[in-house]
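Work through the following exercises with the sequence and the model side by side.

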Amino acid sequence: MCSHQNVEYPKTNYDPGAKWIKHLTKDRLSTFNGGHFADVNLASVLFVHRLDDGNHVKLEVWSAPGLEKPSFEEAMKQKFRSAKKGEAFGPSWTNHWWKVSVKIPSYWEQYERVQFEFDPGCEAMIYTTDGVPLQGITGGFGGDRRVEYIIPRSAVKAGTHSFVIESSCNGMFGVPWNGDTIAPPDMNRFFQLASADLVVPRMNAWGLLWDFSTLREIVDTLPGNTALQNRALSVANEIMNVFDNTDLASIPRARKLAEAVFGEAWEAKGAGIYDEGVDRAQIWGIGHCHIDTAWLWPYRVTQQKVARSWSTQVDLMERYPEHRFTCSQAQQYKWLEQLYPPLFERVKKRILAGQFHPVGGSWVENDSNMPSGEALSRQFIFGQRFFESRFGKRCETAWLPDSFGLTGALPQLIRLADMKYFFTQKLSCNVFPHSTFNWVGIDGTQVLCHMTPVDTYTAQATVGDVNKGITNHKNLESSDVSLLVFGNGDGGGGPLAKMLENLRRIRAVSNNSRELPPVNMGHSVEDFFETLAKESHAGKKLPNWNGELYLEFHRGTYTSHGSIKKGNRKSEILLRDVEHLATLASLYKFHSGDYNYPNERINDCWEKVLLNQLLPGSAIGMVYDDAEKLYAEVRKDAEDLIEEAYGALLPKSVAKSNVDPIAGSGIRLVGYNTTPFPRRDIIELPASEGRINVIMECPEGSHVAHPIMNALNSPKDGAFASMNDAGDLVFQSPFLRMVISDGRISSLVDVELDRELIPAGQTGGLVIFDDRPNYWDAWDVEVHHLETAHPLQFTNYSVQSSGCVASVLAEVKYGQSTIKVKISLDAIAATMKKESRPLIRFDATVDWHERHKFLKFEVPLSIHNDVATYETQFGHVQRPTHKNTTWDMAKFEVCGHKYADLSEYGYGVAILSESKYGFSCRGNILRISLLRAATAPDAEQDQGMHEFSWAVMPHKGHFLESDVPQAAYLFNSPLHLRYINKDDYAPLLESKAPFTVEGAPNVLLETIKRGLDDDFESHENNAYVSVVLRLYEAFGGHAQAKLRIGGHIPLKKVVLTNLLEDETEELEVHEDGSTSFVNLKFHGFEVKTVKIPIGRAISPDAQSEGASSRRGSWVTVDKP
């Protein structure tokens, strides 16, 4: 006999039945809060009380003059006036300080929470009356709105509370003039104080709002045929039926219904909800606040954004113990330390407690396409050393979520910076095949990379975000975990309370249903990657991606704002030279025994350069005004530092200037060569009648160039320019002949090989394109711009010189712009490599006044190859010249550094650049991008005067056999020219180069500097002194190099280190006559850092090898 309970089933049924019309029920959910029915739906009961009268809220305000950004202490000294709700404040970017005093009714003590609601329509920050930042405010009604400040319980009991607010007249995304995010800023925007109210929120109604929001997200996210989706819809519908705004008891009844989805008594568990359910979560939640260090706002506003955003997260941690927050960019931490010391201490406390997590290990979230290899290294060096010095630990995860493409040099540099994990996201703009993978760099080094399937670093912590972490994962067969990086970003803000509430509910759902992936909280990014590494068997189960991560988007950023690109390149090279010269000055001390390496001043310069490596050119004009000031400061400081170093090395020398004395018998011209290559340069000098060109040579093994006599054996060895009978402009040298016909380069011949390099029927020269992106103006250049080429003609020729160099001035006019170009063909080769060819140099001065035009230089070549070669950091990268696939087609505009090259067996041609980064090679046409003219977000981008240079370099042999990297290096590194009296004792000029590389022409010595942990102040003999050299293999092959160290360098030992100068291996030092050397083995594109601890600095009485016997022999004491 059956034991189950018998349910009586009625015989008759006159009801219509329970069938619903599902889509109408689903549509109904949008009416539960706000909108047209706000007076009767949930919105009507969210607050119990609201007071804004003068008896309860007292406001006083002081408006800082102009664009000043006073500190708290400065503001509190000012005279405040009475203010009231409804007043307007502005204009854009101004700052206003408020003193707020509230009087709280005694009976409000019964309520769970009392808040002050402050909505200035813009951004603001709450302070205590003694200047401690408490939290940020984001006014307006966007998804990032946060206008509530919770009054402390002690103040509620006391009945009064005072605090201070700083409001800033900009939105989260600046002040776009027409509402379009990327529009130029409206410089006269005013913001109205919409709310300054003392309120009591009805917390159970807010709880119902969050319940309902999660249910609705489930309904909108999951497929309609799933049990959970239907249950969530049914419960949400029933909540709407039960809720009655006239019956407050209906609120807890409605909330009880939600437990059918969330689980019984789920809310009482608080953060403990994450301790229930499955042990292994698939989605790892981490709070984040991406803040562009400058974008639609200037640097000084970013400083405020950091304080607002991070103080908000510290506040949330006090209420949500599971909340973990990660943030990168050491520069932002330093700003906090300098400008908001009390908040920095609060953040530091949370870091040490394991709740606030520094990440990234870099100075800023920099562009990774355009900075040099050494600059990328410094990003990590400065970042990691800051984090370690302040918080006692380094980062393990590199973090560049928003960079516009990622160089293949990064994996090696990340590992050399003591990190092994990498997070990024921007490539979700591509159709990219992996979410979690081993990223293998150009040298073979790998990092464990995760590119979140959620496709954003500003997730809103919705059900859709959590679900997308699995449904959009590209390689679930090898890994099924994802990082949920949530919080408002770009302009800051970070996670909100509603996001943390939502995640608790989502976890509660997954504790009772398998239809949503479980999410965990309370862990770090490193915890996530360590789990990923373990589960993937140290990456062996994961797919690989080799080489660069090319972004098929924002290609115009390689060219936008040319002055910033130029400032970056010139600053990088200046600082390389400063470190080189200052290192030698601090070691040699020929003439100044008290010279100290100016480490702090050099670091200050580097920090400015690293800060400015937000290089895409897609910010508002105010950002570039600031950046250009910083570059000007770096230039001045670097030039001063160079002069001080020469004061110790060549104390009576003076720099060659634009107004030179005519050299006489008592004056000689010398050039110091900071590159590792021998070289010849053509230098223009004053003469009794006009100016003359001389050739200076720095031989192998030296670092000093001197003028050489009879460099050209006969006049026929020179270079000449003239007009022929056909009206063509002809440049001729023993190596090359170039013809310009009708203003276009129609012929380029290698004379020795009798090889024509320009195909018949094609011409080279300047060309302009229409440049109208589909939306992202300063960011994008679209492939269809290539369909609108307008070739330009050189005109108005004027021959300037012949002999050592043939120079012709030419002019191009287009629209409202004038382009003046000095075209030069040298008589000497680009390098001292055998069979090297001369450069054809183009020095342009452009008065640019176009809009939405793109200026390039192109040269068609009778060369065929499926790939072209472009310099990248510490190496090169090859990219297709064809359109076989959409991936190939996407690389119609690419980034390169100092050169781009198209070669085939036996021959090639390169374009060299001294300040440009955009290149292209489609088929046989090699191009360099010169100027753009976007109008958003900077309406005046690139308008005005520009000076820049490029060169065409034919070369015998394929690129891999060529001297292109060396020539490009020299093209960017002019000699340091100085005048010195012939009778002055100058041992520097007679000494050999202190560090040279032999036996491996593919290994370049990039950097000479002092060690990070040297004692820079002491003059004592036991002071720690070291020299650090950075070398790399430039062609992609193996090398066995001999690093030779001059005998005048009293080394203690030689060690290999990582970028942070942690010693990894001691090298055997070999003696070879008067010098020492170590052997270095390289694989392709490998970067090595060599550290040489020094015994004692070389004294002022010391002399160089081979120096005049007027002075004594080398001695190794610090001071005379």
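**Exercise 1. In which helix does Q229 lie, is Q229 buried or exposed, and which residues does Q229 touch?**

Before starting, note that this is a predicted model, in which local features need pLDDT of at least 70 and side-chain atom pairs count only at pLDDT 80 or more, while totals for chains, interfaces and linings use all residues. Residues are numbered from 1 along each chain as its sequence is written, and side-chain values use heavy atoms, with hydrogens and water left out.

Step 1. Q229 lies in helix α5, residues 227–242; helices (H or I, at least four residues) and strands (E, at least two) are DSSP runs, numbered from the N terminus.

Step 2. The relative accessibility of Q229 is 3%, so Q229 counts as buried; buried means under 20% relative accessible area, exposed over 50%, and partly exposed in between, with a 1.4 Å probe and protein chains only.

Step 3. Leaving aside residues up to four places away in sequence, Q229 touches K22, I218, V219, L222, P223, G224 and E515, where contact means heavy atoms within 4.5 Å.

**Exercise 2. Describe how α5 is placed against helix α6, and classify the residues of their contact.**

Step 1. The axes of α5 and α6 (residues 250–262) come within 9 Å and cross at roughly 175°; axes are lines fitted to C-alpha atoms, for helices over the stretch in contact, and angles run from 0 to 180 degrees between N-to-C directions.

Step 2. The two helices α5 and α6 are therefore roughly antiparallel to each other, given that angles under 35 degrees count as roughly parallel, over 145 as roughly antiparallel, 65 to 115 as roughly perpendicular and the rest as oblique.

Step 3. On the α5 side the contact is made by L228, R231, A232, V235, E238, I239 and V242, and on the α6 side by S250, R253, A254, L257, A258, A260 and V261.

Step 4. These contact residues of α5 and α6 divide into 10 nonpolar, 1 polar and 3 charged; Ala, Val, Leu, Ile, Met, Phe, Trp, Tyr, Cys and Pro count as nonpolar, Asp, Glu, Lys and Arg as charged, and the others, Gly among them, as polar.

**Exercise 3. How many aromatic pairs does the structure hold, and what is the geometry of the pairs W310 with F356 and F422 with W439?**

Step 1. The structure holds 50 aromatic pairs; rings of Phe, Tyr and Trp (its six-membered ring) pair if their centres lie within 6.5 Å, and planes under 30 degrees apart count as stacked, over 60 as edge-to-face and the rest as tilted.

Step 2. For W310 and F356 the ring centres are 5.5 Å apart and the planes stand at 70°, so this pair is edge-to-face.

Step 3. W310 belongs to helix α7 (residues 299–319) and F356 to strand β15 (residues 356–358), so the pair ties together parts that are 46 residues apart in sequence. At 0% relative accessibility W310 counts as buried, and F356, at 0%, counts as buried too.

Step 4. F422 and W439 form a tilted pair, with 5.4 Å centre to centre and 35° between the planes. This pair links distant parts of the chain, since F422 is in strand β17 (residues 421–424) and W439 in strand β18 (residues 436–440), 17 residues apart; both F422 and W439 are buried.

Step 5. W310 and F356 are also members of one aromatic cluster, which includes F325, Y333, F344 and W363.

**Exercise 4. Where do P91 and D418 lie, and what is the backbone geometry at the G90 to P91 bond and at D418?**

Step 1. As background, most residues other than glycine have a negative phi, and most peptide bonds are trans.

Step 2. The peptide bond from G90 to P91 is cis, with omega near -5°, and P91 is placed in the loop between β4 (88–89) and β5 (95–103).

Step 3. The phi of D418 is near 70°, a positive value in a residue other than glycine. D418 lies in the loop between α11 (410–416) and β17, and at 39% relative accessibility D418 counts as partly exposed.
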